[in-house]
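Load the model and keep the selection panel open. The stops below are ordered so that each selection leads into the next.

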Amino acid sequence: AVLSDQVISEIWEDGEEQVHFRTNFLDLDYDVTSPDMEKLIVCLLKQNNEEVFKTPLIREILQQLWNQSRIILRISFFVFSLFMAAFSIYIALDEPSASFGIALLCFSVFLCFIEALQIYHLRKTYFKDPWSILDITHPILTIIYIILRLPDYDNPLALAWICTIILAMGYLRWVSHLRLFKEPSKKFWNS
């Protein structure tokens with residue numbers, strides 16, 4: 001990202017007057033997945049002064065990022081909702097089908113893979129966020145639960161505890177997704 005200070009001269013069509021103005025150009029790749037945006041977000045996360053978020057430039061950049069990412073986040077919410085509903089149905093079945101369990105198992109492995117990618121990219125900072133820890137623990141516990149339940153595991157109390165923890169974590173995460181339907185601008189700019 002480059003912030004450049006430039007003086008631009010403009011000669012009016014009549015040729016008599018010349019206008020000078022100074023402007024700043026912020027040369028960024030505004031794609032939400034770009035390295036520029038990643039560096040900017042990391043920089044903003046380190047800010048202790050909330051006044052920074054009230055500046056027009058930062059407000060516009062955050063609005064741009066929100067506009068680009070909200071559809072992905074909403075799809076993620078919808079998919080996670082389906083997963084939690086399917087898992088709730090799975091645990092309610094007296095004799096769940098192996099194919100249903102395997103489908104949930106595959107989706108849990110997929111969630112672990114996504115979290116592993118985030119761990120790879122964020123390194124140690126991934127584990128500083130409690131939501132991230134919840135995001136990796138939930139599918140791992142789901143995998144353990146499904147593997148233990150498939151061969152008719154003989155310890156129903158252990159299964160019940162694992163299931164309770166999975167449901168509590170899953171629905172806590174599900175409720176946290178609901179905050180995505182309120183634009184972040186309202187939090188920072190109208191306070």
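Begin by selecting S108, which counts as buried because its relative accessibility is 0%; buried means under 20% relative accessible area, exposed over 50%, and partly exposed in between (1.4 Å probe, protein chains only). This is a predicted model, in which local features need pLDDT of at least 70, side-chain atom pairs count only at pLDDT 80 or more, and totals for chains, interfaces and linings use all residues. Residues are numbered from 1 along each chain as its sequence is written, and side-chain values use heavy atoms, with hydrogens and water left out.

S108 sits in helix α3, residues 98-122. Helices (H or I, at least four residues) and strands (E, at least two) are DSSP runs, numbered from the N terminus. Show what surrounds S108: leaving aside neighbours within four places in sequence, it is in contact with F83, P139, T142 and I143, where contact means heavy atoms within 4.5 Å.

**The whole chain**

Zoom out and colour by secondary structure. There are six helices and two strands, in the order β-β-α-α-α-α-α-α along the sequence. Of the 191 residues, 27% count as buried. The protein exposes about 13,100 Å², of which carbon and sulfur atoms supply 64%; the areas come from the Shrake-Rupley method with a 1.4 Å probe, and for residues only the protein chains shown count as cover.

**The cores**

Next, select F83, F87, Y90, L104, Y145, I146 and I166. Within the largest nonpolar core, which has 17 residues, these touch the most other members. A nonpolar core is a set of buried Ala, Val, Leu, Ile, Met, Phe, Trp, Tyr and Cys residues joined through side-chain atoms within 4.5 Å. The elements giving two or more residues to this core are α2 (56-92), α3, α4 and α5, and the largest share, six residues, comes from α2.

Centre on I146. Not counting residues up to four places away in sequence, I146 touches Y90, G101, L104 and L105. Then move to a second, separate core of eight residues, which includes L40, F53, I61 and L62.

**Helix α1**

Select residues 35-45, helix α1, where the buried residues are D36, M37, L40 and L44. These lie on the same side of α1 because they cover an arc of only 90° around the axis, the arc being that of the directions from the helix axis to the C-beta atoms.

**Charged pairs**

How many salt bridges does the structure hold? There are two, a salt bridge being a side-chain nitrogen of Lys or Arg within 4 Å of a carboxyl oxygen of Asp or Glu. One joins R173 to D135, with the closest N and O atoms 2.6 Å apart. R173 is in helix α5 and D135 in helix α4, so this pair links distant parts of the chain, 38 residues apart. Both R173 and D135 are buried.

The side chains of E51 and K54 form another salt bridge, at 3.7 Å from N to O. E51 is partly exposed, with a relative accessible area of 49%, and K54 is also partly exposed, at 29%.

**Last stop**

Finish at Y153, in the loop between α4 (130-149) and α5 (156-177). Y153 counts as partly exposed because its relative accessibility is 37%. Leaving aside neighbours within four places in sequence, Y153 is in contact with L148, A158 and L159.
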